[in-house]
There are 2 protein chains.
Amino acid sequence: MSERLVLHEDPVSGNCYKIRLTAALLGVSLERRQYDILAGETRTGEFLRDVNANGRIPVLQVGSRFLPESNAACWYLADGSALIPEDRFARADVLRWMFFEQYNHEPNVATLRFWLRIVGLAHLTDAQRSQIGAKRTGGEAALELLDTELASRDWLVGKSVSLADIALYAYTHVANEAGFDPGRYPAIGRRLDRVAALPRYVPMTA
Amino acid sequence: MSERLVLHEDPVSGNCYKIRLTAALLGVSLERRQYDILAGETRTGEFLRDVNANGRIPVLQVGSRFLPESNAACWYLADGSALIPEDRFARADVLRWMFFEQYNHEPNVATLRFWLRIVGLAHLTDAQRSQIGAKRTGGEAALELLDTELASRDWLVGKSVSLADIALYAYTHVANEAGFDPGRYPAIGRRLDRVAALPRYVPMTA
C-alpha cells in the first residue's frame, strides 16, 4: 500500500476502531482526521460532497479515493494478509460474520451504546425510546448466538484470528456500555481476551 | 466447485434471489430447498440446529457445511469470477456497496416490502407500524444515494457488472412492492434494465 491512507473518523465509534485495530495488527500506519458526529460534522455539505454522500464515518481515504463502510475498509487493509483465509469457504465465512455484525449486532449493540452512553437517555426522541426494548432483545440474541458459537472454539473461522473476530470485537468489548451484562457470555469474554493479547493490539482509546 | 450446493430459501425473499441470480449468471447449478418464513419453518428446532442458529434464510449449503448471510453466499459463488474485480480497491468497493445494501437499503426497502406486501398492513404489530415512517425515509435516502451514484456511470464499481450490482438489484427491482416510486430514480431504472439484459439472467419468479 504505497498510497496515503487517511481514516476519517470519530474516535468514540467502534466502527472506526475496527479499522484502526486492523491496521495496527497489520503494522500499517494511518493518518487520522477526526469529526464530531454529535456536532453534525459528518453532515456538512463539504463532507457529503468530498468524503461520503451517505454522511457517515468511518471512511478510509486511499490516495484520492474514498471507501465508506467499516468492514469494507478493514477488508481493503487486510486483503492478502493472514486475517483473510486463503480457503474459499473460510473466506466467505469471514464475510458471513462481518455481515452478521452489521445486520444483527451493530444496529442493536452499537446503537444502544450510542443512545445510552453518548447521546444520553434524556436526549432521545420518542421514536428512539420506543425501540430500546427491541434493540435490547436483538442485541442479546446476537451476543447469545456468538457465545454459543465460541463455546466450542477459540476463533470464529478456522484456527487463528481473522477479520471476523476483529469486526465483532469492536462493539462487543464495550457492550457493557450499552447495558449488556458481559457475565452472561463467558465464551465471548475469553475470545475478547485472546484479541486483546494479540501482538500489536491497540485499545479503542489509543 | 465440486461439492453439492443446496440453497435453503424462501422464494419470496430478495436475499435468496440474489444467490440464485449470482449462480445463474455464473452458470452454476443449485439445488433448492424451500421454507415458508411466515409459517415459522426457519424457526424450528431442527432448522436452528442443522441449518442456521440465527433462524434465517438464505443459507447456502456447500457439501456438509452451511453458509448464512446472502452476500457471503454470493461472494462464495463468485469468488475468482469476473463478478469480483481483481483490483484491490475495486474489490473492497464492491464490499462497500454490499455492506451499504445490508445496512441502509435492505432493513428499509426489504422490510417494508415484507411488512406491506407479504405480512399485510392489517397484521403488523404496533411496534412495526410505528417504524413505517422511518423506514420509508431511510429507504428513500438509500435509493436517492444510489440514483445519484449511478447518474454518471453504468455500474456501481468499474466498467462492468459486479456483485455490488447484483446485491443491490434484488430488492431495488421490487421496491415498488414496498411503495417506493421507481419514477423518482431514473438512473437506477437504467441500471436495472442493464442487469435484466445480462446473459443467463433469471427473474425472481424463476
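Guide: The area buried between domain 1 of chain A and domain 2 of chain A is about 1400 Å², and carbon and sulfur atoms give 71% of it. This is a predicted model, and the values below are computed from it. In the domain assignment of chain A, domain 1 covers 5–78 and domain 2 covers 88–196. The contact draws on 17 residues from domain 1 of chain A and 19 residues from domain 2 of chain A. Between the C-alpha centres of the two domains of chain A the distance is 20 Å.

The polar side of the contact comes next. Between domain 1 and domain 2 of chain A the count is 1 salt bridge. A:Lys18 and A:Glu101 form a salt bridge, with 3.0 Å between their closest N and O atoms. Across the same interface of domain 1 and domain 2 of chain A, 7 residue pairs are in polar contact, both residues of each pair being at pLDDT 80 or more.

On the domain 1 side of chain A, two helices, α1 (14–26) and α3 (70–78), each supply at least two of the residues that touch domain 2 of chain A. The most comes from α1(A), which gives 7 residues to that side of domain 1 of chain A. By residue class, the side of domain 1 of chain A that touches domain 2 of chain A divides into 9 nonpolar, 6 polar and 2 charged residues.

Conventions:
Residues are numbered from 1 along each chain as its sequence is written. Chains are lettered from A and ligands numbered from 1 in the order in which they are written. This is a predicted model: local features need pLDDT of at least 70, side-chain atom pairs count only at pLDDT 80 or more; totals for chains, interfaces and linings use all residues. Side-chain values use heavy atoms; hydrogens and water are left out. Domain bounds come from an automatic or database domain assignment. Contact means heavy atoms within 4.5 Å. Buried area is the accessible area (1.4 Å probe) that two parts lose on being put together, summed over both. A salt bridge is a side-chain nitrogen of Lys or Arg within 4 Å of a carboxyl oxygen of Asp or Glu. A polar contact is a pair of N or O atoms within 3.5 Å; within protein, one must be able to donate a hydrogen and the other to accept it, and residues adjacent in sequence count only if both atoms are side-chain atoms. Helices (H or I, at least four residues) and strands (E, at least two) are DSSP runs, numbered from the N terminus. Ala, Val, Leu, Ile, Met, Phe, Trp, Tyr, Cys and Pro count as nonpolar, Asp, Glu, Lys and Arg as charged, and the others, Gly among them, as polar.
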